[in-house]
Every structure is written in structure tokens, then in C-alpha cells.
Amino acid sequence: MPVSPVVEITFALSALVILLSSLAVVLVKNPVRATLLLIVAFIPTSLVYILLQAAFVGILQILVYAGAIMMLFTFVIMMINPSPKDGESPAGGSEGGEGGFSGMRGALIGLLVVGALGALLLPKVYHAASQVSVAPVTKPGFGELSSISALLFEDPANNPLTVSFELISFLILVGIIAALNFSRRKGAEARMENSITTRPTEALPILQREALEPK
Amino acid sequence: MNLTACLLLSAALFSIGAYGLVTRRNMIAALMSLELMVNAALINFIAFARFGGTHAGQGDAQAGSLFALFAVAVTAAEMALALAIVVAVHRQRRHLDIRELDGLHG
Amino acid sequence: MTLAEFTPLLPDLLLLALALAVLKIDLWSEDGEAGFHLTWIGLAGLALLLAFGSRSDAVFADYHITAASRVWKLLFTLATLATVFLSRPYFRAGGNARGTLAKSGAFFGLLLLCMQGMFALVSAGNLIVFYLGLELATMPIYALAAYQPRDADSAEAGSKYVLMGGFSSALTLFGISFLYGATGSLGFPALEAAVRAAPADPALWGGIFFLLGGLGFKLAMAPLHMWAPDVYQGAPTPVMAFLSVASKAAAVAALATLFLSPLNAVRPDLAPCFAAAAVLSMVAGNLGAMRQKDLRRFVAYSSVAQVGYMLLAMLGEGDGSRAALVYNLVTYGVTGFALYFIMGVIGKEGPETMSGLRGLSRRHPGLAVLLVLCMFSLAGVPPLAGFLGKFMLFSAAAAEGHYLLVGIAVANAVVSFYYYMLVVKEAYIAPPGEAAAIRLRPLQIMVLWGLGLALLVLGVCPAPADWLARAAGN
């Protein structure tokens with residue numbers, strides 16, 4: 001059964017937007033712009049999920065990624081007020097310098113290894129993939145909330161996902177403990193610093209000047 | 001729209017993310033690149049769930065979207081933790097340049 | 001489901017209760033003493049339960065309790081217990097020259113949650129539990145690496161680990177997605193059947209390579225080991241100890257869980273890959289360790305070399321390899337923790353570096369003897385634990401005919417003897433600065449004696465090795 005041209009065109013456009021905006025995320029200097037571009041990349045991604053009959057994951061993509069995680073990024077960027085010298089040097093760009101992040105160099109080596117292997121393997125993967133049929137899944141409720149919730153919550157004692165569900169809650173607990181641990185400060189110094197940064201009359205101009213201005 | 005197109009899209013997204021992670025000097029931008037890589041994996045999962053993968057016979061189509069669901073939750077927790085550490089680094093060093101984090105050496 | 005059916009699951013449930021209780025009790029107690037005692041008593045109870053409790057196997061909805069998983073869990077529990085004891089002076093004012101750690105409740109809670117992830121990892125029956133276990137076993141360590149308060153190096157270590165760990169989990173996730181595409185299922189039995197049916201599926205191999213890349217980062221296997229020295233050096237010493245023993249054991253367990261059972265059919269084809277990584281790790285670790293002045297950094301390189309030896313076991317057949325891996329991790333853990341406790345003792349007055357060891361033979365002769373035993377064991381000198389651990393690894397690889405590789409490994413072990421002796425030289429021969437005698441606390445004396453005896457017993461007496469081999473052999 002052929003896929004309708006509307007779906008094809010929507011997919012092609014979404015893919016284009018995803019790739020262009022994620023390239024921009026990687027290339028643009030200002031972190032605030034990168035965050036906004038990342039949200040732009042996430043919305044068509046969720047459209048792709050919906051086209052692939054995974055409507056619930058698509059909605060979650062918007063809610064969790066664009067709504068929560070990107071909001072967190074924006075908060076942190078606003079909170080720490082990155083100045084232009086934070087990170088990207090305006091001239092020259094990528095002069096590495098010595099004594100830098102050796103872990104990153106390690107990542108580069110690892111990436112080369114993985115990339116070389118991937119270059120050997122991926123053409124074969126795509127060849128195999130091209131022979132897969134494109135008939136839509138005819139299962140009722142496939143990818144929708146009702147069938148997913150049934151899978152997650154039916155018969156908790158024997159459900160293979162019970163343990164996974166519990167593990168997710170531990171992961172979130174770890175996130176909470178760690179975030180609390182790093183944000184909680186002791187002593188008068190912390191209190192003073194807090195009172196300064198949260199005073200709106202002082203905080204706002206800094207935000208406007210430093211973070212929102214393009215550089 | 002077929003499996004090949006989806007896999008190509010995800011591979012491109014993964015490569016862009018990996019490139020960003022290695023080249024970006026701002027730690028927050030590096031974390032955003034990480035997000036792109038995770039998203040590439042999610043597209044893979046959902047595409048394989050929809051088209052049934054390269055294997056013979058009937059697979060478990062729902063498993064793919066479930067894994068995507070769990071991966072979204074994991075990433076959310078991981079990013080919260082990573083950003084907490086970013087704040088801690090900024091508090092100590094007053095900058096977030098990965099290449100200038102060179103206090104540790106042999 | 002009746003209550004009796006839950007008995008095999010008891011250790012996992014107990015750990016969960018313990019983690020939550022430790023986090024809870026931290027809200028009430030100001031000094032963290034209650035949290036410390038609850039943690040170590042709970043972990044000791046858990047270790048006894050795992051060693052002598054229910055022996056029956058069980059499956060709870062893709063969560064497999066087997067004899068092999070119990071052995072791994074016992075290993076994780078003992079490593080965490082040692083970490084908890086090791087961290088004791090670091091939370092005490094004046095206990096360490098680098099500064100005092102605060103909030104012990106959150107520290108122990110994160111350690112226990114991390115352990116929960118390791119437990120899930122070795123009990124996983126599908127890739128979802130496997131992935132979540134791997135994440136839960138890593139995420140708390142991001143926070144723990146940055147735990148030293150007001151310390152730029154520690155924050156830097158945390159940030160490097162979070163970036164590298166995030167990269168590695170993205171690789172793992174990408175790999176798992178291809179595995180899912182190749183087999184159409186996330187359960188291990190279906191995975192195994194699909195791998196047997198079509199071992200040459202390109203999507204499967206794509207998945208395996210990305211997965212190996214991700215796990216290689218976690219394992220600090222060369223050429224993906226570059227993060228390890230920085231993270232080990234910046235993290236607080238107890239966290240470094242946990243990272244080098246428990247977390248390393250978890251990564252090895254992850255490798256063994258996947259490649260010795262569901263993906264066993266493709267392992268012979270992966271042999272060149274494992275062999276290359278093993279040789280690279282040994283060489284990179286040994287070359288790196290030679291020129292280190294900081295003990296934590298030294299430990300990082302030495303553990304990269306150990307990973308190289310352990311990868312040899314991935315070339316052998318299933319049961320023997322698993323037993324060799326577990327036994328080597330036990331001996332490495334005992335040796336490592338003896339060294340880390342010594343580092344904790346010298347870290348009270350000075351930095352934990354090579355020069356901090358100077359004059360140890362005069363400041364505390366017993367401690368210096370233990371240091372010599374540690375170094376001999378790490379180098380694999382015969383009557384000590386490290387020798388038997390290495391011997392089992394090498395014989396697992398030799399049984400499959402990889403003689404050249406075993407030869408390279410032996411040569412590397414001989415080379416490593418040189419830099420382990422450099423450490424001994426600092427303790428015995430280098431001129432001491434000021435020679436103040438070291439006083440040990442009763443707990444430290446007890447633990448150091450226990451580890452020292454274990455170093456000797458595990459190297460001479462094969463009974464524990466036999467027991468582990470039988471238990472881990474499934």
C-alpha cells in the first residue's frame with residue numbers, strides 16, 4: 001500500500017527543518033539562540049513521530065523536551081548569565097590550544113573509530129532497510145495512549161515493565177537528590193549571594209544586556 | 001517515507017549531535033548536542049517499531065515506542081543532573097569553556 | 001503471588017528499603033552518624049543474605065534472579081561496603097587534607113541507588129531493564145564525582161564525567177535501537193534466537209558496534225579511556241574507589257550479561273575486536289601509569305591496564321570466562337581497596353600523591369608492608385591474590401588458543417612491575433621529609449588487617465575461587 005503524498009511531503013519538510021535547525025544548534029554561538037533553535041528542531045521531530053504512528057511519544061516529545069528540558073536549559077543560561085567569552089571565542093573559533101580537555105580528544109578518537117565502523121556497516125543496514133515493507137501497522141490503537149497504558153499498567157505482578165517503571169522512578173530520585181545537593185549552600189555567604197541575584201531590579205538589566213543581546 | 005529515509009534522518013541527526021559534542025566549547029551547548037544524539041536514537045526506535053525492522057517474522061512493534069518513552073524519561077533526569085553540575089562548575093570556575101577546564105593533568 | 005515467592009527477590013527489595021531509609025534518616029540527623037551506621041549494617045546484612053540466603057532461582061517479569069546474578073550482586077555489595085568504610089574519615093573535620101565532605105546521607109543514598117542500578121543490570125531479562133540499570137548505575141556517580149564542596153577540580157571531574165557518560169549512553173541507546181531493529185524484540189530470549197537465526201544481519205552488527213562503543217566508554221577501555229585519569233583525579237577518593245571497583249565491575253557485568261548470553265553466537269566474530277581493545281588498554285594503561293605523580297591518576301591508568309587483562313576473558317567460552325572475570329574483580333577489588341585505605345591514611349596530613357608516601361616505612365612499618373603486598377598483587381606476583389586473578393583470565397583466553405595474546409599480556413604484566421615498584425621505592429627508599437608516626441583508628445586497623453589477610457588467602461587458597469567459579473558458572 002503506497003503512502004499518501006501528503007505524508008511524504010510532510011515527512012520530507014520535517015526532516016529538512018530538523019536537520020537545518022539542529023545544524024544551526026551546533027553552529028550558532030549564542031547559547032540562548034541554540035536553545036530556541038533546539039525547540040524548533042524538536043517540534044518537527046514530534047511530527048515525524050506522529051507520522052510514524054507514535055502519537056503519544058510525539059506529544060511527550062513536545063511536553064518533556066520542548067516544554068521541560070529546554071525550559072531548564074533556559075533557566076540555567078539565564079541564571080549563570082554567560083558572557084560572550086564563556087565558551088565560544090569570537091575570532092579564530094577552534095584554535096585548540098594545549099592542555100585542553102583531554103577527554104574530548106579521547107571522544108574524538110572514539111568517534112573516529114565508531115565512525116569508521118559505522119561507515120562500513122551503515123550502507124549494508126540501509127540496503128537491508130530498503131527491502132522492508134511500508135504497509136501501515138493495522139493493530140488497533142497502535143502507538144496510542146490507550147494501548148501504551150495497557151502495556152505499562154496491566155497486571156503489575158507479571159508485567160515485564162514493572163521493574164523498568166520502578167527504575168525510572170529511582171533515576172528521577174537521583175536527579176532530584178543531586179540537583180538539591182548542588183544547589184543547597186550553607187552559611188551567610190550563600191544567603192547574601194542569593195539575595196543579590198534574586199533582587200529583580202538588579203537581575204533584569206543584566207539578563208537583558210548579557211543574555212538576550214546577540215553577540 | 002520508508003525505513004531507509006528514517007534511518008538516514010536519524011544517522012544525520014546523530015552525526016550532527018556528535019560533531020557538536022566534540023567541537024562546541026560551551027558546556028551547555030555540548031549538552032544540547034547530546035540531546036540531538038538521543039533524539040536520533042528515538043527516531044530509530046520509532047521507525048523500527050513502525051516498519052518492523054530488518055528481521056524476519058513478526059516482532060514486538062510496541063516495544064520500540066515503549067523504549068522511546070523510557071528513554072525520554074531517562075534523558076530528562078540526566079539533563080537535570082547535568083545542568084546541576086554545570087551550575088556547580090560555573091560557581092567554581094566562573095566560566096563554562098570545556099577547553100579551559102584544565103585543572104586536572106598528570 | 002504469595003509471600004514465599006518473593007524470597008529470592010528479598011536482597012533487591014532490602015536494598016531499596018535501605019536506600020530510602022538512609023535518605024530519610026538524613027533529614028532527621030544533623031551529624032550523619034545514624035546514616036553511616038545504618039548504611040554499613042544494612043550492607044553487611046545484605047552481603048550475608050546474598051551469600052547464605054535463598055538459593056532458588058526466580059523470574060519476576062523479566063527480572064531474573066540467578067546464581068550468577070547473586071555472585072555479581074555480592075561483589076557490588078562488598079565493594080560498596082568497603083567504599084562506605086573508606087569514606088568515613090573524609091566526612092570528619094580534619095580527616096582529609098583536601099577538605100571535608102558534607103551531607104553524608106545524600107552521599108550514601110546515591111551510592112545505594114547506584115547499587116540498585118547495578119543489581120538491575122545483572123538481573124536484566126530485556127534491554128529496557130538493561131539500559132535503565134546501566135543509566136542508574138552511572139548517573140549517581142556524575143553527582144558523586146563533583147561531590148567535594150568548593151573544589152574546582154571535583155566540579156571539573158563531574159562535568160567531564162557527565163559529558164563522557166552522556167556520550168556513552170547516547171551511543172548505547174543508538175546501538176540498542178539497531179539491535180531492536182535487527183531482532184524486532186527487546187527480550188533477551190528473543191534476541192538470542194534472532195542472533196542465532198541471522199548472525200550476519202547488518203543492522204545487528206551496527207547495533208553491536210555502537211553498543212561496544214558505549215560500554216567501552218563506561219569500562220574505560222582504550223581507546224575510549226581518556227576521561228578516566230581526569231575523573232579519577234578530580235573525584236573524592238571514596239568516589240574514585242567506587243568508580244574503579246564497583247562501577248568497573250558493573251561495566252564488566254554489562255559486557256558479560258550481553259556478550260556471554262544473548263549475543264554469545266556472534267562473540268567468536270568479535271574476538272579480533274576484543275583482542276585489539278585488550279592490547280591497546282594494556283599498553284595505554286601501562287605507558288600512562290609510568291609517569292604519574294598523583295596516586296588517583298596512577299590508579300586510573302593502572303585500572304585501564306586491568307581492563308585490558310579482563311577483556312582477555314571475553315575471548316574464552318561462557319562459564320569459565322564469567323568465573324575468571326568475577327574472581328579477577330574480587331582480587332582487584334581487595335587489592336585496590338587496600339591501596340585506597342592507605343591513600344586515605346596518608347591523605348589525612350598531605351596530598352594523596354607519590355611524594356605523600358615518602359618515609360612510610362618509618363612512619364608506619366605495617367602500612368608500608370601492606371603497600372608492598374598491594375603493589376605485588378597488582379603486578380601479579382605469585383603468592384598473592386592478583387596472581388591467581390590474572391592466571392584465571394589468561395587461562396580462559398589460552399583455553400581458546402589465543403597464545404600470542406596471552407604472551408603480550410604476560411609481557412605487559414612484567415612491564416607493569418616496574419612502575420608498581422616505583423611506588424614501593426617512594427615508601428622505602430626515598431628520603432622522608434618530616435617523619436611523624438601515623439596513628440590508625442581501630443576501624444582502620446581492622447579493615448586493613450582484613451584486606452591484607454584476604455590478599456594472602458585469595459592468592460594461596462583456591463577454595464573461594466572454586467566456589468565462585470561454580471556459583472558464577474550458572
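This is a predicted model: local features need pLDDT of at least 70, side-chain atom pairs count only at pLDDT 80 or more; totals for chains, interfaces and linings use all residues.
1. Chain C has 19 helices and two strands, and 64% of its 474 residues are buried. Its radius of gyration is 21 Å, which agrees with the value near 23 Å that a compact globule with 474 residues would have. Taken along the principal axes, the box filled by the C-alpha atoms of chain C is roughly 70 × 55 × 45 Å. Among contacts in chain C between residues at least 6 apart in sequence, those that join residues at least 24 apart come to 79%.

2. The largest nonpolar core has 282 residues, and A:V174 and C:L312 are those with the most contacts inside it. Helix α3 (residues 61–93) of chain B gives this core its largest share, 22 residues. Leaving aside residues up to four places away in sequence, C:L312 touches C:A278, C:L393, C:F394, C:A396, C:A397, C:L405 and C:A409. As general background, nonpolar side chains tend to be buried together in soluble globular proteins.

3. Within chain A, the axes of α2(A) and helix α3 (residues 55–80) come within 8 Å and cross at roughly 175°, which makes α2(A) roughly antiparallel to α3(A). The residues of this contact divide into 16 nonpolar, six polar and no charged. On the α2(A) side they include A:L38, A:F42 and A:Y49, and on the α3(A) side they include A:Y65, A:M70 and A:F73.

4. The residues of the contact of α2(A) with α2(B) divide into ten nonpolar, three polar and one charged. Among them are A:A34, A:T45 and A:V48 in α2(A), and B:M32, B:E35 and B:I43 in α2(B). A:L38 and A:Y49 are listed in the contact with α2(B) and also in the contact with α3(A).

5. A:K29 has its place in the loop between α1 (5–27) and α2 of chain A. With 18 other C-beta atoms within 10 Å, A:K29 is partly exposed. A:S183 is 154 residues from A:K29 along the chain, and the C-alpha atoms of the two are separated by 27 Å.

6. A cis peptide bond, with omega of about 5°, joins C:A222 and C:P223. C:A220 lies in the loop between α8 and α9 as well; although it is not a glycine, C:A220 has a positive phi of about 60°, and it counts as buried because it has 30 C-beta neighbours inside 10 Å. For context, most residues other than glycine have a negative phi, and most peptide bonds are trans.

7. C:R150, not a glycine either, has a positive phi of about 50° and lies in the loop between α5 (127–145) and α6 (152–183) of chain C. C:R150 is exposed, with 12 other C-beta atoms within 10 Å, whereas C:A220 is buried.

Technical notes: Residues are numbered from 1 along each chain as its sequence is written. Chains are lettered from A and ligands numbered from 1 in the order in which they are written. Helices (H or I, at least four residues) and strands (E, at least two) are DSSP runs, numbered from the N terminus. The radius of gyration is taken over C-alpha atoms; the globule rule is 2.2 Å times the number of residues to the power 0.38. A residue is buried if 20 or more other C-beta atoms lie within 10 Å of its own, exposed if 12 or fewer, and partly exposed in between; C-beta atoms are placed from the backbone. Two residues are in contact if their C-beta atoms, placed from the backbone, lie within 7 Å. A nonpolar core is a set of buried Ala, Val, Leu, Ile, Met, Phe, Trp, Tyr and Cys residues joined through C-beta atoms within 7 Å. Ala, Val, Leu, Ile, Met, Phe, Trp, Tyr, Cys and Pro count as nonpolar, Asp, Glu, Lys and Arg as charged, and the others, Gly among them, as polar. Axes are lines fitted to C-alpha atoms, for helices over the stretch in contact, and angles run from 0 to 180 degrees between N-to-C directions. Angles under 35 degrees count as roughly parallel, over 145 as roughly antiparallel, 65 to 115 as roughly perpendicular and the rest as oblique.
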